[in-house]
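Let us take a walk through this structure together, one step at a time. Have a look at the chains first, and then read on.

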Amino acid sequence: MSSQDNNATTIVVFSGDMDKIFAAFTIAAASAAAGMETTLFFTFWGLKAIQKGNRTGKGLMAKMLGIINRGGINRLGPSKFNFGGLGRWMFKKMMADKGVTPLEELRQTCLDLGVHFLACKMSMDVMEITREDLIDEVEDVVGAARMMRDAANSKVHFFI
Amino acid sequence: MQADLIQDSIGQMCPMPIVQLAKNIRKMQPGQVLEIRADDEGAHADIPAWCEQTGNEFLGEEDAGSYVKYYVRKRA
């Protein structure tokens, strides 16, 4: 991407909540559909949205985190009213009833439109999440400087 | 209005009508017209906005009762 060609969107996906991930993928799909180069940088809780869903971690604390904060797109709960999974079920049902595209399908739509998925190396190290724990479509495991370069070359930048 | 391709987005919600629109326009020839049938009220704002951003021409809309027909001409 050259500095003149800044028809791009970058989104830092920090949250691992179902509703916020919905927002990130919806914006990314609309951005890519408008012909903009679109990059999602998944960091911290946001990594859950691109994890395969297996248990993670080697050390005791990371293993515990891997259990209570298990990743995988179908395990995400809403930021409010989750009630131990009931809220997730309720939101999924309400969205399906209204014909909203399911989250996993929306993620695939983003990938089909050429949205780039990047993962934050530092948060992966902290939580002991490996490249193998992430879906294959993740293009690269990177640091903040890579995200900043892409953000600096973007017209639109979001932090979700 | 005569369209070269019809897109059925009835029952779809944001952002799917726009995603389909982008995919369809990509495979059409310049000057060809796409008709989008949608019942999501957001499409009323989204389709002209998408056209403005991408440089394709929004030709207008037509009420068809339970849904609306939107017309887009692919830019040269």
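This is a predicted model: local features need pLDDT of at least 70, side-chain atom pairs count only at pLDDT 80 or more; totals for chains, interfaces and linings use all residues.

Is Thr9(A) buried or exposed? It counts as buried, because 23 C-beta neighbours are found inside 10 Å, and the cut-off for being buried is 20 or more. Leaving out residues up to four places away in sequence, Thr9(A) touches Ser31(A), Met36(A), Thr38(A), Ser154(A) and Val156(A). Glu37(A) is 28 residues away from Thr9(A) in sequence, yet the C-alpha to C-alpha distance between the two is 6.2 Å.

What does β1(A) pair with? One partner is strand β2 (residues 37-42) of chain A, which runs parallel to β1(A) and is joined to it by six bridges. Along this pairing, Ala8(A) stands opposite Glu37(A), while Val12(A) stands opposite Phe41(A). To get from β1(A) to β2(A), the chain passes through helix α1 (residues 18-33) of chain A, making a right-handed β-α-β crossover. Strand β5 (residues 156-159) of chain A is also parallel to β1(A), with four bridges between them. Here Thr10(A) has His157(A) as its bridge partner.

Five strands of chain A form an open sheet with parallel pairing, in the order β4-β3-β2-β1-β5. At the edges are β4 (140-142) and β5 of chain A, each of which pairs on one side only. From one strand to the next, the twist averages 20°.

Which helices accompany the sheet? Helix α1(A) lies across β1, β2 and β5 of chain A and runs at about 170° to β1(A). Helix α6 (residues 144-152) of chain A packs on the sheet as well, touching β1, β2, β3 (116-120), β4 and β5 of chain A. The direction of α6(A) makes about 145° with that of β1(A).

Phe42(A) shows how separate parts of the chain meet: apart from its neighbours within four places in sequence, its contacts include Val13(A), Leu47(A), Ile50(A), Phe117(A) and Cys120(A).

Finally, let us turn to where the chains meet. How many residues does each chain bring to the contact? Chain A and chain B each bring twelve residues. On the side of chain B that touches chain A, the elements giving two or more residues are α1 (16-27) and α2 (43-54) of chain B. Of these, α1(B) gives the largest share, four residues. Sorted by class, this side of chain B has eight nonpolar, four polar and no charged residues.

Technical notes: Residues are numbered from 1 along each chain as its sequence is written. Chains are lettered from A and ligands numbered from 1 in the order in which they are written. Two residues are in contact if their C-beta atoms, placed from the backbone, lie within 7 Å. Ala, Val, Leu, Ile, Met, Phe, Trp, Tyr, Cys and Pro count as nonpolar, Asp, Glu, Lys and Arg as charged, and the others, Gly among them, as polar. Two strands pair if DSSP finds at least two bridges between them. A crossover is right-handed if, with the strands pointing away from the viewer, the path from the first strand over the helix to the second runs clockwise. Axes are lines fitted to C-alpha atoms, for helices over the stretch in contact, and angles run from 0 to 180 degrees between N-to-C directions. A residue is buried if 20 or more other C-beta atoms lie within 10 Å of its own, exposed if 12 or fewer, and partly exposed in between; C-beta atoms are placed from the backbone.
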